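Subject: Handing over a structure

Hi,

Could you take this one over from me? The sequence and the structure are just below, and my notes come after them.

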Amino acid sequence: MVPLIIRSLVSLPVDVDSVSFCVRPAAVNDLQQVADVLVSSFYPPLGWQRWFHPLFRFSIYEDLKQRLQGGHQHYRCLTAIAPDRKSRRNVVIGTVELSYRRQGLWTFNRPQQMYISNLAVRENCRRQGIARRLLQNAEQLSLEWGFRELYLHVMADNTRARRLYQNMGYQLQQVEPTLFSLLSLQPSRLLLKKVLSPQTVAYPSSSSAVRRIPY
């Protein structure tokens with residue numbers, strides 16, 4: 001049965017009108033596309049990884065479904081949605097998750113925090129403000145829930161993501177070496193933090209093309 005499920009998650013090429021995107025919470029029927037965006041961003045089918053690409057996608061899909069169906073009041077998977085030019089069907093072109101949890105492995109003494117993870121955008125839709133809009137919606141949602149501190153991790157060598165976060169007001173809290181980084185096999189992780197307020201969570205002016213859908 002597993003191979004059949006994995007085959008159903010194989011991605012198809014899309015030609016989207018990314019200018020006309022909107023942001024809304026993910027539904028269960030979005031999760032295959034969300035998993036496709038995540039696996040293509042974090043596990044591109046290059047070299048040895050291409051053999052495990054379907055397995056990565058299936059694992060991500062199952063993890064997403066478990067979190068989405070968990071019903072936690074302070075969890076949301078947000079998606080950027082745009083119409084496909086040919087079929088006019090809505091396509092997931094970006095995603096981000098917002099959750100209330102402790103960070104790291106040795107965190108039993110740390111308070112829980114609002115945390116951003118799995119920010120990803122389809123490769124052919126990048127550099128169009130989609131990641132920024134997803135972050136802005138996550139920040140507003142965090143404020144609506146009553147949380148004014150937001151955390152995220154980024155790898156030290158991910159200069160594009162670090163530049164985005166810096167421009168949006170996220171500041172370095174600490175460098176977190178891992179076993180692989182200590183062996184010089186992987187860069188360190190950086191923990192970033194942003195203190196939220198209505199003034200720091202700014203949105204572009206509304207238009208008919210780019211609109212926010214209520215949560």
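Here is what turned up, sorted by topic.

First, the ground rules. This is a predicted model, so local features need pLDDT of at least 70 and side-chain atom pairs count only at pLDDT 80 or more, while totals for chains, interfaces and linings use all residues. Residues are numbered from 1 along each chain as its sequence is written, and side-chain values use heavy atoms, with hydrogens and water left out.

**The cores**

Let's begin with the inside. A nonpolar core here is a set of buried Ala, Val, Leu, Ile, Met, Phe, Trp, Tyr and Cys residues joined through side-chain atoms within 4.5 Å. As for burial, buried means under 20% relative accessible area, exposed means over 50%, and partly exposed is in between (1.4 Å probe, protein chains only).

The largest nonpolar core has 35 residues, and I93, I116, Y165 and Y170 touch the most other members. Two or more residues come from each of β2 (75–83), β3, β4 (113–121), α4, β5, α5 (159–167) and β7 (189–195). Helix α4 gives the most, with six residues. (Helices, H or I with at least four residues, and strands, E with at least two, are DSSP runs numbered from the N terminus.) Another core, of 16 residues, lies apart from that one, and its members include C22, V37, L38 and Y61.

Leaving aside neighbours within four places in sequence, Y170 is in contact (heavy atoms within 4.5 Å) with I116, L135, E139, L150, L152, Y165, L192, K193 and K194.

S142, in helix α4, is another one to look at. S142 is buried, at 0% relative accessible area. With neighbours within four places in sequence again left out, S142 is in contact with L98, M114, F147, L150 and L196. S142 and M114 are 28 residues apart in sequence, yet their C-alpha atoms are 7.2 Å apart in space.

**Salt bridges**

How many salt bridges does a search of the whole structure find? The search finds eight, taking a salt bridge as a side-chain nitrogen of Lys or Arg within 4 Å of a carboxyl oxygen of Asp or Glu.

- R67 with E97: the closest N and O atoms are 2.7 Å apart. R67 is partly exposed at 33%, whereas E97 is buried at 2%.
- K194 with E139: the closest N and O atoms are 3.1 Å apart. K194 is buried at 4%, and E139 is buried at 1%.
- E149 with K193: the closest N and O atoms are 3.3 Å apart. E149 is partly exposed at 37%, while K193 is buried at 17%.

There is also a network: salt bridges that share partners join D36, R57 and R122.

**Aromatic rings**

Rings of Phe, Tyr and Trp (its six-membered ring) pair if their centres lie within 6.5 Å; planes under 30 degrees apart count as stacked, over 60 as edge-to-face and the rest as tilted. By this rule there are four aromatic pairs. One of them is Y100 with F147, a tilted pair with 5.1 Å between centres and 35 degrees between planes. Y100 belongs to strand β3 (residues 90–101) and F147 to the loop between α4 (130–144) and β5 (149–155), so the pair links distant parts of the chain, 47 residues apart. Y100 is partly exposed at 28%, but F147 is buried at 18%. Elsewhere, ring pairs link Y43, F52 and F56 into a cluster.

Which residues other than glycine have a positive phi? N118 is one of them, with phi near 55 degrees, and R127 is another, with phi near 60 degrees. N118 lies in strand β4 and is partly exposed at 28%. R127 is in the loop between β4 and α4, and R127 is exposed, with a relative accessible area of 72%.

Over to you, and thanks!
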